[in-house]
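Here is a short report for someone meeting this chain for the first time. Please keep the sequence and the model in view while reading.

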Amino acid sequence: MSWSPLPGVRLLAGTYTVEFFGPEDARKSKAAVRRLGLEILSAKPGAKILIVSAADGEAARRKQLGLLARVHGVRSIRE
């Protein structure tokens, strides 16, 4: 059985949901996320998540995600 997205849902290649342990961690980590070359697509005040876009190219994206996982407060990263 193959998985398909819900109607009206678009999957964007290279876009990730970054979950933090708390909203304060998410707020404080924005500068570090930008320094890694990731573009923040969505960051709502008081939220524990950021939606980010990674670089094109598998090697560059893998490096960015590895470094992102080391940012203080990151709980999980999902595509």
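## A strand residue and its surroundings

T15 lies in strand β1. Strands here are DSSP runs of E with at least two residues, and helices are runs of H or I with at least four, numbered from the N terminus. The model is predicted: local features need pLDDT of at least 70, side-chain atom pairs count only at pLDDT 80 or more, and totals for chains, interfaces and linings use all residues. Residues are numbered from 1 along each chain as its sequence is written, and side-chain values use heavy atoms, with hydrogens and water left out.

Is T15 buried or exposed? T15 is buried, because its relative accessible area is 15%. Buried means under 20% relative accessible area, exposed means over 50%, and partly exposed falls in between (1.4 Å probe, protein chains only). Leaving out residues up to four places away in sequence, T15 touches L41, I51, V52, S53, R78 and E79. Contact here means heavy atoms within 4.5 Å.

## The chain as a whole

The protein chain has 2 helices and 4 strands. Along the sequence they follow the pattern β-α-β-β-α-β. The C-alpha trace spans about 40 × 30 × 20 Å along its principal axes. Of the 79 residues, 33% count as buried. Take the contacts between residues at least 6 apart in sequence: 64% of them join residues at least 24 apart.

## Strand pairing

Two strands pair if DSSP finds at least two bridges between them. β3 takes part in both pairings below.

| Pair | Sense | Bridges | Opposite residues |
|---|---|---|---|
| β1 and β3 | antiparallel | 5 bridges | Y16 and V52 |
| β2 (39-42) and β3 | antiparallel | 3 bridges | S42 and I51 |

β2 and β3 form a hairpin with 6 residues between the strands. In that hairpin, G46 takes a positive phi near 80°.

## The nonpolar core

A nonpolar core is a set of buried Ala, Val, Leu, Ile, Met, Phe, Trp, Tyr and Cys residues joined through side-chain atoms within 4.5 Å. The largest one has 15 residues. Those with the most contacts inside it are V18, F20, V33, L38, L50, V52 and L68. Which elements give two or more residues to this core? They are β1 (15-20), α1 (23-35), β3 (49-53) and α2 (58-68).

L38 gives a view of the neighbourhood. Apart from neighbours within four places in sequence, L38 is in contact with V33, V52, S53, A54, Q64 and L68.

## A loop residue

A69 lies in the loop between α2 and β4 (74-78). A69 counts as partly exposed because its relative accessibility is 46%. Not counting residues up to four places away in sequence, A69 touches V74 and I77. A69 and V18 are 51 residues apart in sequence, yet their C-alpha atoms are 9.0 Å apart in space.

## Surface

The protein chain exposes about 5700 Å². Carbon and sulfur atoms supply 54% of that area. Accessible areas come from the Shrake-Rupley method with a 1.4 Å probe; for residues, only the protein chains shown count as cover.
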